[in-house]
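Please read the report below alongside the sequence and the model.

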Amino acid sequence: LVSSHLTHFFSASTIQTSPTSAPSDAPSVSPSSMPSSQPSIVIQTIRTPGSISSNKDFCSLTDAEKAAFASAAMATVEQFACPDSETCVASITSACGQSQVARRQLSSSSTSSSRKLQASNNWQVEYVVVEQFTCERATCSSPADVAKVNAIVETITTNMNGSMSSGQFKEVFAVKIIESAALNSNLVECLMVWGTVGAAETDVGGSGTGQTGVFYPDWENNTGTCLQDGKEPAYMKLSTSWLSDSLEECCSQFYPGWNFNKCMNPAGSGLWYVSHENGKCVTDCDAGNGGTCGGFANLLSNDLYSNPRSCCEAELFYRYIEFCEADSLLSECYQGTGLFYRGDNGGKEVCARDCDPASGDTTCGGIVEDAYIVLYETAEECCTAEYNWIDVNLCAARTIEASFGKYWPDKDNAKCLKDSEMPSGQLDVEVYDSLDECCASGIFWLSKGECFAASGVAQEELGTNKFYVDWINEHCVKDCEGPAPCGGLAQAWDPLYDSSAACCAKVPGRTANDCLYTSP
């Protein structure tokens, strides 16, 4: 039976020299009658994975907003990763921890199945940049083919890391967000972005994703992780002891200890850990893959956190949290809290504001970095708590550099001065609401008239022209300098009356006719 079938398949009658009218019911087993007139076209596909996160909680937005965010991110990735290539496409593989079907496909059939990256759930967006070119050789192994692959990978990696570190990625991403009708433009305020670029994988002919489901330790290339590309060395294929069914199993066996984290996350987990050396928190990713990357975390000694603020609160409690978070994010937007603190920490004699003097605000004493510095809501609160030997109103006015309309005694020159016109050089000086009070208490060795005159008040301006009781002579006099009924300037403790009758009513045994002072 088998012989008769073989005879049938190999009989001359089965060899066709022209196309059949319908598809064959069995594959052909004979070679073509002559070589092809054109060489076979072999496509090399390079897949470069990457990850992006930001300091904005995009993952708490609506589905439509998250889709718009991911679209803006991919448009930005493509602008930097594929600046001059028509065959380069960036596609989302995971958004907010959920695997995604690639949103864009290449026209070639080689991308009919999208590569699924292992989602870390720590990055807001994970993506893959796919680039293709036609190989010189069928094996895609010629020097020119190898050089082409290296050039593509180098371009994508350099462009992405460079744009992250320089801030260009953030700037373009912000523009894309503003242009999106589904996103609030306020999201770009103080926006910070970080990310990583992973190791590229190649696929010849577009036959699949290059993944076999069998992992082996990549000791030949020293990548520090396990691969599943079917290119394990021959000796590993001879024994199943070198092969694992999952990445985690392989990493646990061949990259234990602090190497495990890098093995599981070759481009970094995207989580945050403390760098005590730098006094801030950094991202778990290879140093140089973005400004916030601090190198791979050592899981034996480094706890990982989902965001820099959580890391700062747990590990750098001696730093002021807002500053630590901004410093970790390399944010140039943070300008301090605007609250008040003891000024000698910022080179001032009174309280200072928590802000950068470079902003042009002269009340700023510098941005607070350390948590031991107490911050106060108002200048008055700060002055009361930190400078209780200074009049609180004077201290607050000096703090915010406001005009201060009270009087202070210049005892060296025996006069009183208005602080808004001649500020006191001494902060511990007594201050008074009125010139009258200042002269009476601060320059008490002079008469009121002498003090007023020394303080620059003209004679005609002295007094209130109201009435007060001269208890020594038991009559009422007018608060003024000059002839009767002026009796000299009233002292601060003298009650004043609007009329002589009201004043005389306070003097026992006197009538209105003989109460008022008329002559010496």
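Gln-124 lies in the loop between β3 (98-99) and β4 (125-134), where helices (H or I, at least four residues) and strands (E, at least two) are DSSP runs, numbered from the N terminus. This is a predicted model, in which local features need pLDDT of at least 70 and side-chain atom pairs count only at pLDDT 80 or more, while totals for chains, interfaces and linings use all residues. Residues are numbered from 1 along each chain as its sequence is written, and side-chain values use heavy atoms, with hydrogens and water left out.

Gln-124 counts as buried because its relative accessibility is 9%; buried means under 20% relative accessible area, exposed over 50%, and partly exposed in between (1.4 Å probe, protein chains only). The side chain of Gln-124 reaches the backbone oxygen of Lys-56 at 2.7 Å, a polar contact being a pair of N or O atoms within 3.5 Å, where within protein one must be able to donate a hydrogen and the other to accept it, and residues adjacent in sequence count only if both atoms are side-chain atoms. When neighbours within four places in sequence are left aside, the residues in contact with Gln-124 include Ile-52, Lys-56, Phe-58, Phe-69 and Cys-96, contact meaning heavy atoms within 4.5 Å.

## The nonpolar cores

The largest nonpolar core has 39 residues, of which Val-77, Val-129, Met-160, Phe-169 and Phe-173 touch the most other members. Such a core is a set of buried Ala, Val, Leu, Ile, Met, Phe, Trp, Tyr and Cys residues joined through side-chain atoms within 4.5 Å. The elements giving two or more residues to this core are β1 (43-54), α2 (63-81), β2 (89-95), β4, α3 (143-166), α4 (168-179) and β5 (193-197), and the largest share, 9 residues, comes from α2. Met-160 is in contact with Val-77, Phe-80, Ala-81, Tyr-127, Phe-169 and Val-197, leaving aside its neighbours within four places in sequence.

A second, separate core of 19 residues includes Ala-379, Cys-382, Leu-394 and Cys-395. Ala-379 is also touched by Ile-400, as are Phe-340, Arg-353 and Thr-363, not counting residues up to four places away in sequence. Ile-400 is found in helix α11 (residues 392-400) and counts as partly exposed, because its relative accessibility is 39%.

## Aromatic pairs

A search of the whole structure finds 13 aromatic pairs, where rings of Phe, Tyr and Trp (its six-membered ring) pair if their centres lie within 6.5 Å, and planes under 30 degrees apart count as stacked, over 60 as edge-to-face and the rest as tilted. One of them is the tilted pair of Phe-69 and Phe-173, with 5.8 Å from centre to centre and 50° between the planes. This pair links distant parts of the chain, Phe-69 in helix α2 and Phe-173 in helix α4, 104 residues apart. Phe-69 is buried at 2% relative accessibility, and Phe-173 is buried at 1%.

The pair of Trp-242 and Phe-254 is stacked, because the ring centres are 6.0 Å apart and the planes are at 15°. Trp-242 sits in the loop between α5 (234-237) and α6, and Phe-254 in helix α6, 12 residues apart. Trp-242 is partly exposed, with a relative accessible area of 25%, whereas Phe-254 counts as buried at 14%. Elsewhere, Phe-58, Phe-69, Phe-80, Phe-169 and Phe-173 form one aromatic cluster.

## Disulfides

With a disulfide taken as a pair of cysteine sulfur atoms within 2.5 Å, the count comes to 17 disulfides. Among them, Cys-226 and Cys-250 have their sulfur atoms 2.0 Å apart, and their link is left-handed, with -85° about the S-S bond. This pair links distant parts of the chain, Cys-226 in strand β8 (residues 226-227) and Cys-250 in helix α6 (residues 247-254), 24 residues apart. Both Cys-226 and Cys-250 are buried.

A disulfide also joins Cys-312 to Cys-324, S to S 2.0 Å, and it is left-handed because the torsion about the S-S bond is about -80°. The pair links Cys-312 in helix α8 (residues 308-315) with Cys-324 in helix α9 (residues 321-328), 12 residues apart. Cys-312 is buried, with a relative accessible area of 0%, and Cys-324 is buried at 1%.
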